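Hi,

Here is the structure we talked about handing over.

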Amino acid sequence: MLQRLKKLFAPKKCAICGKKAIDASKYYNDTSEPVVVCRKCTEYAERRAFRKRS
């Protein structure tokens, strides 16, 4: 139970660079899986045609 809570509230990592996602945006990747992308990698995500989640 404690592990589930830790995983739920743990800081998310960027799907592209793998670092801690500060000021993160939410996208769907090529296989329609929800991913988190940091502000620095948003331009790259949009070039890769990731779709923005609402």
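Predicted model: local features only at pLDDT ≥ 70, side-chain atom pairs only at ≥ 80, totals over all residues.

Residues are numbered from 1 along each chain as its sequence is written, and side-chain values use heavy atoms, with hydrogens and water left out.

Three strands form an open sheet in the order 2-1-3, with antiparallel pairing. (Strands are DSSP runs of E with at least two residues, helices are runs of H or I with at least four, and both are numbered from the N terminus; two strands pair if DSSP finds at least two bridges between them.) Strand 2 and strand 3 (51-52) are at the edges with a single partner strand each, so one side of each has no neighbour in the sheet. Strand 1 (residues 25-28) is joined to strand 2 by four bridges, and Tyr27 sits opposite Val35 of strand 2.

**The core.** The largest nonpolar core has 10 residues, among them Tyr27, Val35 and Phe50. (Such a core is a set of buried Ala, Val, Leu, Ile, Met, Phe, Trp, Tyr and Cys residues joined through side-chain atoms within 4.5 Å; buried means under 20% relative accessible area, exposed over 50% and partly exposed in between, with a 1.4 Å probe and protein chains only.) Strand 2 (residues 34-37) gives the most to this core, with three residues.

**The salt bridges.** How many salt bridges does a search of the whole structure find? There are two, a salt bridge being a side-chain nitrogen of Lys or Arg within 4 Å of a carboxyl oxygen of Asp or Glu. In one, the closest N and O atoms of Asp23 and Arg39 are 3.2 Å apart. This pair links distant parts of the chain, 16 residues apart: the loop between helix 1 and strand 1 holds Asp23, and the loop between strand 2 and helix 2 (42-47) holds Arg39. Arg48 forms a salt bridge with Asp30, at 2.8 Å between the closest N and O atoms. Arg48 is in the loop between helix 2 and strand 3 and Asp30 in the loop between strand 1 and strand 2, so this pair ties together parts 18 residues apart in sequence. Arg39 is exposed, at 54% relative accessible area, and Arg48 is partly exposed, at 36%.

**The surface.** Finally, Leu8 is in helix 1 (residues 2-9) and counts as exposed, with 55% relative accessibility.

Best wishes
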